Every structure is written in C-alpha cells, then in structure tokens.
Amino acid sequence: SRFDTYFLMNTEDVKEYVKEKLDIFDAHAELEAKEIGDGNLNYVYKVWEEATGKSVIVKQAGPEARISSDIKVSTDRARIEAEVLMKEGELAPGFVPKVYKYDSVMSCCSMEDLSDHVIMRTALINHRKFPLFADHISTFMVNTLLLTSDVCMEHKEKKLEVKKYINPELCEITEDLVYTEPYNDIAKRNNVFPPIKDFVQKELYEDKKLHLEVAKCKFEFMNNAQALIHGDLHTGSIFITEESTKVIDPEFAFYGPMGYDIGNVVANLLFAWHNANATIENEEEKASYLKWLEDTVVDTIDLFIEKYNKLYDEKVSDYMAKTEGFKEWYLDTILRDTAAVAGLETIRRTVGLANVKDITSIKDEAKRARAEKVCILTGKDFIINRDRFKTGKDFIDALKKAL
Ligand code: ADP
Ligand code: MG
Ligand code: MG
Ligand code: MG
C-alpha cells in the first residue's frame, strides 16, 4: 500500500486513505475532502460522502510547526493525542470525539466529525452563552485529572502511564512560550502590541520579583507528574453546542500539574470577557454577557471543587491520602497551581508568540491596549498571590481589582 511509509497527505491522498483504512465508506464511494485545520502544527482533513452524509476527520501530524519552521516536533505526538483521546473517552464519557483509528506509520488519527459543534473561542467572540459549559468542563477535568493521579491509581501502574506519555518536545514548547519568553523575550518571538511596549518592559521584563515566582512555577510544571493533563485546554480546543461539550487536540498531554488545565480554562474565559467588555455596544447586553462569563468562571472552579471532594471520597485508594486533612491540603495545591497558570496564560497570550483572537480582534486601539494591560496585571496577581485563590469568586475579584 502507498500508506506503508510516512508522507504528508493532500486531499486526494486522504480520500484514498480512508477508503483503504477505515470501515466507514465502501470501495465505490464518491468522496469529497477538504483541509479544515487552522492550527500551528498539524493538517486536519474532513472527508465525506455526499450521498450518505457519512463523514470522518483525519488529523495528520507534520514534522515541523507551521507557525515557525525552526520548531521541530516529533510526530509521536499523534500517538499521544490518539491514546489520550481514547483514555479521556473512558474516564469522561461523551466529552471527546470517538477515535476510529490511530495509524503509527502515517502519524494520523481518524476520528468522529464534530462539525455540528462550533469552536468555543469563535462562539464566545460572537457572544454566545453555553449554560452547561461549567458543569461539563468541571466533570471532564475532575475525571481525567483525579482518576489518573496517585490518589486513585495503583502507583506502579501510574508510573508506567507517566512513561507512556513522556512528551519532551511539546513540553519544551510550553516551557519556552509560557514559562520563559513572556518575561524577557530572549528568543525575540514575542508579539507585543506597540501601544503597550513600555508597559510590558516595566511590568514583565524588569520585574525581578515576578521572575522568581515564574521560575518556581516553571519547575512545578516540569517536575510535578501529578496527573495526565490535556496540556492545551484553551477555548480553541473545545467544540461546543448548547447541549454538548467536546474536548479535542490533546497533543500536549503528559503527566503534569492538574492546575495547568484548570488555569487554562479560566484564562481563556477571561479573554472572552475582555472581548465582550471592549466590543459589545448595548450596555444591557454587555452586562448580561459579562455576568454569564463571570458566573462561568466561578462555577467552573466551584463545581470542580465540589466534584473533586465527592470523587476523592469515592475513589481514593492510597492509604496515606485518606489521612484527615490531606484531601483539603492537596486541593489547595491544585488551586494554587490553577491561579498561577491562569496568570501565566493570560500573560503569554497577551505578549507571547501565540496571541488569541479574543484580544487581537478588538479594533479600537485604546480599548485593546487597556484590555491587554488588565490581562497583564491580573496575570501578575494570579501568579504572585497564587496561594490565596480558594474559590471561584477569588478569580473574579482579582479581575475586578485590576480594572
Ligand atoms: P491543531 O493541533 O493543529 O490545533 P486541532 O485538533 O485543534 O489541530 O484542529 C484544528 C481545527 O480542525 C479545529 O479548530 C477544528 O476546526 C477542526 N477539527 C479538528 N478536529 C475536528 C473534529 N473531530 N471534527 C470537526 N472538526 C475538527
Ligand atoms: Mg488546536
Ligand atoms: Mg487549532
Ligand atoms: Mg494542537
């Protein structure tokens, strides 16, 4: 077969590929294919048959990042992505696409087509509300995180899992883009909005006290093999409808701190908040939308805490983890990491290599500059005072304080 050695597929190749490798279409099917990817690292194709309405998504890992050819990334991330999607599907049923096939030769994953959902970042920029999101994402996170940790897992088995998801190159991207470059621009890759250049110089590049706290967080990220984290849980990795939430794109997954995922969700809801605050003209509509986003942050954290406490009591298996007070102490460390990462993400998406459309699409320059400064100040507060974040409301209070 042509698919016995790796090559980058085009739309014609992908049509042939799905006929040969998957049971979805028959040999005579008339197929259409389109590249639908928008990401930095991969090629995503939708293949469908007009006559039957059947469709499939094929995601192939390329050998280098599309955003910058000096980022080389192992195609092993396609294995990690496919295996993690399958594992998450077991731990949190209904919250990820079904995986039909992982192909280690072609480094590609064939999965359920979620075209009836929309990417959450786009929907939030269009100021749409999703009443079930906080409930869904808190269930997804508590199940995928707590159940893969040493609290619940047999410790030898957990160590083998740590090994299975070693992901050095993708972790390096995070270590550089999230935990290093926003604080010094040593790689000269930051994208700083010109009107806030001096502000960034003073508040980020010259703040030595902040650098020390970021350094501590960086080593926490690299050394705390706590749970199987998604590793890239922003609103561009979430497909959504009013009834359904599906998490995609776990190629950055590895055993890391739980707070990395939770903090990413919080930060990306805050970007949507800034977008709405800067762009909705009708005051009533704006107030209602901001309130929904604030409630969603609060509920995401508070429901996580509630579900954590319940699942912990049901599933804790380690003898010492049953010691009175440990569950609460452990939760405190998760919330501390959540706050820190929420701050690291708000800062890096504001000044780093990869920005977010929620902020860059704010056309009024003064409003955008103000939103970016607030992101940076809130981010610093989250990082420096990370020990003080204990409930959902603490996150919103920090935002309000920085306004
Ligand atoms: P990357 O790793 O390159 O960011 P993603 O997995 O995020 O790739 O996918 C890129 C885009 O492809 C998504 O934003 C979405 O529009 C589309 N896509 C990915 N997976 C699916 C899917 N299962 N169903 C429908 N569209 C998808
Ligand atoms: Mg993506
Ligand atoms: Mg993408
Ligand atoms: Mg990705």
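This is a predicted model: local features need pLDDT of at least 70, side-chain atom pairs count only at pLDDT 80 or more; totals for chains, interfaces and linings use all residues.
What share of the 403 residues in the protein chain is made up of buried residues? The buried residues make up 44%, where buried means that 20 or more other C-beta atoms, placed from the backbone, lie within 10 Å of the residue's own. Residues are numbered from 1 along each chain as its sequence is written, while chains are lettered from A and ligands numbered from 1 in the order in which they are written.

The chain holds 14 helices and 10 strands, taken as DSSP runs numbered from the N terminus, with helices being H or I of at least four residues and strands E of at least two.

Let me turn to helix α4, residues 133–146, whose 14 residues should span 20 Å at 1.5 Å a residue, in agreement with the 19 Å between its end C-alpha atoms; the expected span is 1.5 Å times one less than the number of residues.

Now to the strands, where β1 (residues 31–35) and β2 (residues 42–49) run antiparallel and are joined by five bridges, pairing being assigned when DSSP finds at least two bridges between two strands. Glutamate 32 has tryptophan 48 of β2 as its bridge partner. β2 also pairs with β3 (residues 55–61), again antiparallel, over seven bridges, and in the turn of the β2–β3 hairpin glycine 53 has a positive phi of about 75 degrees.

Terms used:
A residue is buried if 20 or more other C-beta atoms lie within 10 Å of its own, exposed if 12 or fewer, and partly exposed in between; C-beta atoms are placed from the backbone.
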